[in-house]
Amino acid sequence: SNDTNSYKSMGVSGSGNCFIAANITSNKVSFYSIDQSTKTITHEGDITVSNLYDITIYPLPISNDGLVYALKHYLSASSISWKVYKRTSVTTTSHTLIGEFDTFNLSLSSDGTHVVVADPTAIANKKVISVYKYDESGTSWTKIGSSINTNPANSSSPATSAIGYIDQSLT
């Protein structure tokens, strides 16, 4: 069925040309294209992905063009993984795994070439974040700079929830 009412997580591309919907109960991901000129939505197909993890409070990360997206996978009680995929077109379900990150939190850039992840050693406190850039081949990603401790001991640095805010007193 392509009834999106049964889905728990959805993400729409920034350009509005497609969206994806994930049902964690059935481990099914459905792909839809949107034709802006005719105002029609086409169900492009479904894939089954093992161990989808509940991300109902977040939209699915998807690039502006809709070709790159990320899904959260349950590995064990103490291990969560985000897998990043790239589709060949918004009118197909054909995709390739281009990256995997052992982290509870992941943010995808609008062009799908960068991710920001919470360091797996700091998941409980979500204090350390790292940025990676896709190397445009296989599953290779390069870490950009050093990891950022967003709340080091004995510091007035902002908490993780305040990332993006620049305190003039710290510059």
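**Entry 1**

I began with strand S10 (residues 128-134) and strand S11 (residues 141-149), which pair in the antiparallel sense over six bridges. For the record, strands are DSSP runs of E with at least two residues, numbered from the N terminus, and two strands pair if DSSP finds at least two bridges between them. This is a predicted model, where local features need pLDDT of at least 70, side-chain atom pairs count only at pLDDT 80 or more, and totals for chains, interfaces and linings use all residues. Residues are numbered from 1 along each chain as its sequence is written, and side-chain values use heavy atoms, with hydrogens and water left out.

Which residue in S11 is the bridge partner of Tyr132? I found Lys143. S10 and S11 form a hairpin with six residues between them, and I noted Glu136 in the turn, with a positive phi of about 65°.

**Entry 2: Ser130**

I stayed in strand S10 and looked up Ser130. Is Ser130 buried or exposed? Ser130 counts as buried, at 3% relative accessibility. The scale I use: buried is under 20% relative accessible area, exposed is over 50%, and partly exposed is in between, with a 1.4 Å probe and protein chains only.

The side chains of Ser130 and Ser147 are joined by a polar contact of 2.6 Å. Such a contact is a pair of N or O atoms within 3.5 Å; within protein, one must be able to donate a hydrogen and the other to accept it, and residues adjacent in sequence count only if both atoms are side-chain atoms. Not counting residues up to four places away in sequence, Ser130 touches Val115, Val116, Val117, Lys143 and Ser147, where contact means heavy atoms within 4.5 Å.

**Entry 3: the rings**

I searched the whole structure for aromatic pairs and got six. Rings of Phe, Tyr and Trp (its six-membered ring) pair if their centres lie within 6.5 Å; planes under 30 degrees apart count as stacked, over 60 as edge-to-face and the rest as tilted.

Phe101 and Tyr132 form a tilted pair, at 5.4 Å centre to centre and 50° between the planes. Phe101 lies in strand S7 and Tyr132 in strand S10, so this pair ties together parts that are 31 residues apart in sequence. The rings of Tyr134 and Trp141 have centres 5.1 Å apart and planes at 45°, so I logged that pair as tilted too.

I then checked burial. Phe101 is buried at 8% relative accessible area, Tyr134 is buried at 7%, and Trp141 is buried at 13%. Phe101, Tyr132, Tyr134 and Trp141 form one aromatic cluster.

**Entry 4: the S5-S6-S7 sheet**

Next I traced an open sheet of three strands in the order S5-S6-S7, with antiparallel pairing. S5 and S7 stand at the edges, each with a single partner strand, so one side of each is left without a neighbour in the sheet. Neighbouring strands here are turned by 30° against each other on average, direction ignored; the axes are lines fitted to C-alpha atoms, and angles run from 0 to 180 degrees between N-to-C directions.

S5 and strand S6 (residues 79-87) pair over eight bridges. What stands opposite His73 in S6? It's Ser81.

I also looked at Leu97, in strand S7 (residues 95-101). Leu97 is partly exposed, with a relative accessible area of 33%. The C-alpha atoms of Leu97 and Lys83, 14 residues apart along the chain, are separated by 7.0 Å. Among the residues that Leu97 touches, beyond four places in sequence, are Lys83, Val84 and Gly138.

**Entry 5: the S1-S2-S3-S4 sheet**

I found four strands in an open sheet, in the order S1-S2-S3-S4, with antiparallel pairing. The edge strands are strand S1 (9-12) and strand S4 (40-48), and each pairs on one side only. Neighbouring strands of this sheet are turned by 15° against each other on average, direction ignored. Strand S2 (residues 18-23) and strand S3 (residues 28-35) are joined by six bridges, and Ala21 has Ser30 as its bridge partner in S3.

**Entry 6: the cores**

Last, I went to the largest nonpolar core, which has 14 residues; Val29, Val49, Tyr69 and Leu71 touch the most other members. A nonpolar core is a set of buried Ala, Val, Leu, Ile, Met, Phe, Trp, Tyr and Cys residues joined through side-chain atoms within 4.5 Å. S2, S3 and strand S5 (68-76) each supply at least two residues of this core, and S2 gives the most, with three residues. Another core lies apart from it, with 13 residues, among them Leu106, Leu108, Val117 and Tyr134.
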